[in-house]
Amino acid sequence: MMDEFSLLLPRRVYAGFSSLSHIDGIIKETGAPKVAIFTDKGIEKAGLVDIVLKNILVEYRIFDDLPAEPTYLEAQALVDEAGAYGADLIIAVGGGSVMDTAKLASLLQGGQIRVKDLLDSPLIAKKRVRTLMIPTTAGTGAEATLNAIVAVPEQKLKVGIVNPEMMSDYVILDPEMIRKLPMKISASTGVDALCHAIECYTGNKANYFSDIFALEALSLIMNNIEKAVKDPDAMDAKVKMQIASFYAGIAITSSGTTAVHALSYPLGGRYHIAHGVSNAILLVPVMKFNEDAISSRLASGYDRCYGHSDLSEREKSKAMIERMEEIVKSLEIPSNLATFNVGLGDLDDLVEAGMKVTRLLNNNMKTVTKEDARRIYSQILC
Ligand SMILES: NC(=O)c1ccc[n+]([C@@H]2O[C@H](COP(=O)([O-])OP(=O)(O)OC[C@H]3O[C@@H](n4cnc5c(N)ncnc54)[C@H](O)[C@@H]3O)[C@@H](O)[C@H]2O)c1
Ligand SMILES: [Zn+2]
């Protein structure tokens, strides 16, 4: 029997070419006399902030002092800086790192609560400032989720802060933002979205709502990711990846990610491996581990992606995993930890840290024991 399930969505979403032109209308709708623009230096360098600024006709200030995948203290520093400015609307122009920090700022601006407090008690804060998310990767889907993920160096882990108040108010998915996304970032963020879709569809919190979004995302990604990443002119495939990432984000909000993301958190927290890369490394080993428990779902995913065929359920589920393996390989994302200086000596720490991510491990259809986690990590060490 399925537990209760729900759907929470951003208030308004604009998508497609020229959708950035709605920024002015959104600012007017919120009545904001001044806005804070959250971004990072890489995005500014790519000229994306300039494109957004053309649509901002009120007072604004840019807050860009943010590294990729920030620690909670680095996120706090930007929250404090923006808090002193006191904007009435926060616009995030960036990938998951920027959007997550903007989401935290929307709860904490001008208040007494710190990011650190939310690590233990995520629900104590309420929204204080509205947000507009303009993703520049495709992607984390952070524009549609209730999560903000920060690194916690003391625990050598990444921690997801979950609070429904962080749901964005407005989202703009303009393909202009991802047109020149560098191949390496496009590949790893695209596989992150693939993980969101397949984990949400095969997890034990999957439900009627999340299935709609997870399955559509899965099909869009499996059929477009390689073209979108490799062909700079394939705007149609890139747009599909942008929509798919957003759908996969909605699926996360209604269902949840599972053991791929759980075991990936220590790789980000300890070894600073990019989120999409660590998920890509774990995707196939975790799917193989789960296969006997999720083969009917992998098979229906296969049907949705490639049409019905005469293959048996087992053959389809196997083919689905093989296809994922091919995708990771063809996008030239590392498939193990060899290049990251992680060795056998790290195994105990990895297992211990991974097993702490119970919030996500509990969503996995098959129970992951300490021995299972050790086996999975061992496979990706070589
Ligand atoms: N909140 C959620 O639901 C959620 C879901 C998944 C991941 N995350 C988190 O999001 C973070 C990762 O986000 P990400 O994968 O989007 O990458 P990112 O935001 O960390 O950005 C990575 C790099 O790409 C650059 N970049 C981004 N867009 C660009 C563009 N269009 N052109 C050129 N350069 C660009 C940035 O400057 C940065 O240097 C991690 O901290 C991860 O844990 C959050
Ligand atoms: Zn992710």
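## Basis of the model

Residues count from 1 along each chain as its sequence is written, while chains are lettered from A and ligands numbered from 1 in the order in which they are written. The model is predicted, so to speak of local features requires pLDDT of at least 70, side-chain atom pairs count only at pLDDT 80 or more, and totals for chains, interfaces and linings use all residues; side-chain values use heavy atoms, with hydrogens and water left out.

## Two domains

The chain splits into domain 1 (12-177) and domain 2 (183-381). These bounds come from an automatic or database domain assignment. Taken over C-alpha atoms, the domain centres are 25 Å apart. Domain 1 puts 26 residues into the contact, and domain 2 puts in 29 residues. Contact here means heavy atoms within 4.5 Å.

## The ligand site

Where does ligand 1 lie relative to domain 1 and domain 2? Ligand 1 lies between them, because both domains give residues to its shell. That shell holds 28 residues, with Asp40, Ser97, Asp100, Thr137 and Thr145 the closest. A residue is near the ligand if one of its heavy atoms lies within 4 Å of it. By type, the shell has 10 nonpolar, 12 polar and six charged residues. Nonpolar covers Ala, Val, Leu, Ile, Met, Phe, Trp, Tyr, Cys and Pro; charged covers Asp, Glu, Lys and Arg; the others, Gly among them, are polar. At least two shell residues come from each of α2 (41-45), α5 (96-108), β6 (147-152) and α7 (183-202). Helices (H or I, at least four residues) and strands (E, at least two) are DSSP runs, numbered from the N terminus.

For Asp40 the distance is 2.7 Å. For Thr137 it is 2.8 Å. An N or O atom in the side chain of Lys158 also lies 2.8 Å from a ligand oxygen. On its own, ligand 1 has 870 Å² of accessible area, and the protein covers 90% of it. Areas come from the Shrake-Rupley method with a 1.4 Å probe; for residues, only the protein chains shown count as cover.

Asn147 sits in strand β6. Its relative accessible area is 13%, so Asn147 is buried. Buried means under 20% relative accessible area, exposed over 50%, and partly exposed in between (1.4 Å probe, protein chains only). Beyond its neighbours within four places in sequence, Asn147 touches Asp100, Lys103, Ile161, Val162, Met166 and Ile252.

Pro135 belongs to strand β5 (residues 130-135). Pro135 counts as buried because its relative accessibility is 2%. Pro135 and Pro175 are 40 residues apart along the chain, yet their C-alpha atoms are separated by 9.5 Å. Leaving aside neighbours within four places in sequence, the contacts of Pro135 include Gly94, Met99, Glu143 and Gln242.

Asp303 lies in helix α11 (residues 275-306). Is Asp303 buried or exposed? Asp303 is buried, because its relative accessibility is 16%. Its side chain makes a polar contact of 2.9 Å with that of Lys316. A polar contact is a pair of N or O atoms within 3.5 Å; within protein, one must be able to donate a hydrogen and the other to accept it, and residues adjacent in sequence count only if both atoms are side-chain atoms. Setting aside neighbours within four places in sequence, Asp303 is in contact with His308, Ser309 and Lys316.

Helix α13 (residues 347-355) has buried residues Leu347, Leu350, Val351, Ala353 and Gly354. Their cover includes β7 (157-162), α10 (259-271), α14 (358-361) and α15 (370-381).
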